[in-house]
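This report describes a protein chain in running text, with one table. Please keep the sequence and the coordinates at hand while reading.

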Amino acid sequence: MDAAKELARRDANFRSVDSRPGGLAVPVSTLRAPALLLTFSILSVVQLAAFELGWLDAWLPAHDYVFGPYQGGHAISIRTFILSFYLAFSIFAAGSVRARVEFALDLILRFLVICALLDLGSAALFGLAGEPYPLGVLQVIAGLLGFGIFSFVILERGTMPESVPVRIDRQFAMRSLIRLAFTGLVAAVVSVWAGFHDLEALDGLREAALLGGIGPGVVLFLFLLFLQLYVIATVERHLLSRKDFAAPLSVIVPAHNEAYVIEETIRQIERAASRYGAPVELIVLDNASTDDTAEIARAVLADCTVAQGRVVHVARPGKAHALNTGVAIARHAFIVRIDADTQIEPDSFRLAMQNFAHAHTGAVGGVPIPPGGALFDGGRLVEVLLKHSYYSPGLTAITGLVGIPGMFVIYRAEALRRAGAFAAGMNGEDTDISLRIAELGFRTLVDERVRYVSEVPTSFAHLREQRLRWFRSIYHVSSRARTLILSPRLTIRGKLILPYMLMNNARRAMTVPILIFGFFELLMTRATNTQLSWQAVAAVVFGSPMLVAIIAITLAREPRALLSLPSYAFFRGLRAWYTLESALTIPINTRPHTIRLPETAIPALSELPEASENQETS
């Protein structure tokens, strides 16, 4: 990238109406999260001091809010941590004083009831068998439930998009469950076997703080589980694809103030069209741009000899409106969505379309590779190889893939139109539509062979804006698909993956606080019932995630990404920080409150202005 384009990349106007959808998000000061963490630290230190000084030993000998019998010790006072975080977050959440007080009470009371039920179960076991649950097991369960409670109460009390029923058609839940059970059993057996054998490699990793206090079992189980799923998905993709399959494509490119990059995007589409074996139409959707996006796009399209292109003006701001207009005027049976700052590779169309030889394939995406050279590009490279090149194919094997990145994705037009329109006025319209296509029974996947270059923010302000949108979208998509979670129909996405995504989002929001809490407990606690070590704290930041990243990098055959592992550790910290800030942007209410999104039906052709002679629609 030359100096002029690099400067334009840094100065690009990255904010739009999608940055903070009306009513669903509020601005959050960069000082709010630090204030929250300071308050959280004070609450934590006071409680840890009270436990350490023995003031509560008569009622809580476990040095945590454990109310029943237990055996053994625990690594961290997770219940104290969860309650401290709940209270600190509630103080700084967006909403009225009454709403925040009720939010705090809701969180705390639900969590305490769950803890009481766990402890009652331990007491019952003690009465029947003479031995209670191990304290470590009780704490792990309490921590996981604490993460889940946080996200589900935000989903319930936060201002969210109104639920729109998800149509559930042909499903393969039983096949997916059998695959999950079999691969899980294999992973569990190997992990247990490793736990009972003295393996020098695992001992070395633990001592080097790569496994820390979590032991080899968890790491081995997750690694072996996803490795098996990855292999199954790769074999299945090979068997169901056909190398000579090609069909006419309609490419739609929504563009809002993309003058700095739109020329390169169009030229890359032209190159890919020249390597493809079927006609390609290209529609650039100028979405209320205030720069020269349309003029530049028009000039470049005039030079194209393979892709037949035109510019269509969409006056209504919002990417979803531009996309729906593009779907309405697309002429072919397969529709390619490409973001205006995405440069596809010459073989992107050819490789991705091979998967549509299977009649039930509904959507195919690829792996977004960063341009390189900017501050966050190294960390982003490891992130996408891990998420899109490793985890996404693995989830495909159990029909568990929820979202396909909208930077580049090919849809079967029939599936796209049956699923409905792209949702406007919320974050995560690309995840929402791919989820609905999948629940119709269509096969959705990420083909790790398909690579494309997608822009990565070059400033902290831009990265913050992007990640606030992305992490908030998990709540928006889950709210809009609420019926899928609550439906009695068994679907892997509705009953496993979406709840896990919500819980994991809460876990990530609590990452920085739990590191702070672990540091305080490590310094302050000398009690024999705690087993926290510096290796366990280090493992949270650097350990097992780095081991999995190395596996993903190896499978993706991207050895250069190994040099970016230190950058990835820093990038993970930023992600955790922005996840916490993202939760703070959600308005909290005294009762459930949803917003009906703007009408986003795909417009009928009769509703669109006719194209003028120069193939522009205004």
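A residue is called buried when its relative accessible area is under 20%, exposed when that area is over 50%, and partly exposed in between, as found with a 1.4 Å probe on protein chains only. By that definition Asp119, at 4% relative accessibility, counts as buried. The residue lies in helix H4 (residues 97–129), where helices (H or I, at least four residues) and strands (E, at least two) are DSSP runs numbered from the N terminus. Leaving aside residues up to four places away in sequence, Asp119 touches Tyr65, Val66, Phe67, Gly68, Pro69, Arg79 and Leu138, a contact being heavy atoms within 4.5 Å.

The model is predicted, so that local features need pLDDT of at least 70 and side-chain atom pairs count only at pLDDT 80 or more, whereas totals for chains, interfaces and linings use all residues. Residues are numbered from 1 along each chain as its sequence is written, and side-chain values use heavy atoms, with hydrogens and water left out.

**Confidence and overall make-up**

The pLDDT, which is the predictor's confidence in each residue on a scale from 0 to 100, has a mean of 86 over the chain, and 86% of the residues reach 70 or more. It stays under 50 over residues 208–216, a stretch for which the model has 29 contacts beyond four places in sequence. Over residues 610–618 the pLDDT is likewise below 50, and this stretch has 18 contacts in the model beyond near neighbours in sequence. The chain holds 22 helices and 11 strands, and buried residues make up 57% of its 618 residues. Of the contacts between residues at least 6 apart in sequence, 84% join residues at least 24 apart.

Helix H3 (residues 78–92) packs against helix H22 (residues 565–584) at an angle of about 55°, with the axes 10 Å apart. That angle makes H3 oblique to H22, given that angles under 35 degrees count as roughly parallel, over 145 as roughly antiparallel, 65 to 115 as roughly perpendicular and the rest as oblique. Axes here are lines fitted to C-alpha atoms, for helices over the stretch in contact, and angles run from 0 to 180 degrees between N-to-C directions. In this pairing Phe85, Phe89 and Phe92 of H3 meet Leu580, Ala583 and Leu584 of H22. Since 13 of the 15 residues of H3 are buried, this helix is largely enclosed by the rest of the structure.

The buried residues of helix H9 (residues 262–275) include Ile262, Ile266, Gln268 and Glu270. Among the elements that cover the buried residues of H9 are strand E2 (249–255), strand E3 (280–287) and helix H10 (293–303).

| Helix | Number of residues | Span between end C-alpha atoms | Expected span |
|---|---|---|---|
| H9 | 14 residues | 20 Å | 20 Å |

**Two loop residues with positive phi**

Most residues other than glycine have a negative phi. Ala288, although not a glycine, has a positive phi of about 55°; this residue lies in the loop between E3 and H10 and is partly exposed, with a relative accessible area of 26%. Thr399 also has a positive phi, near 45°, and is found in the loop between helix H13 (377–396) and strand E8 (408–412). With a relative accessible area of 17%, Thr399 is buried.

Methods: The expected span of a helix is 1.5 Å times one less than its number of residues.
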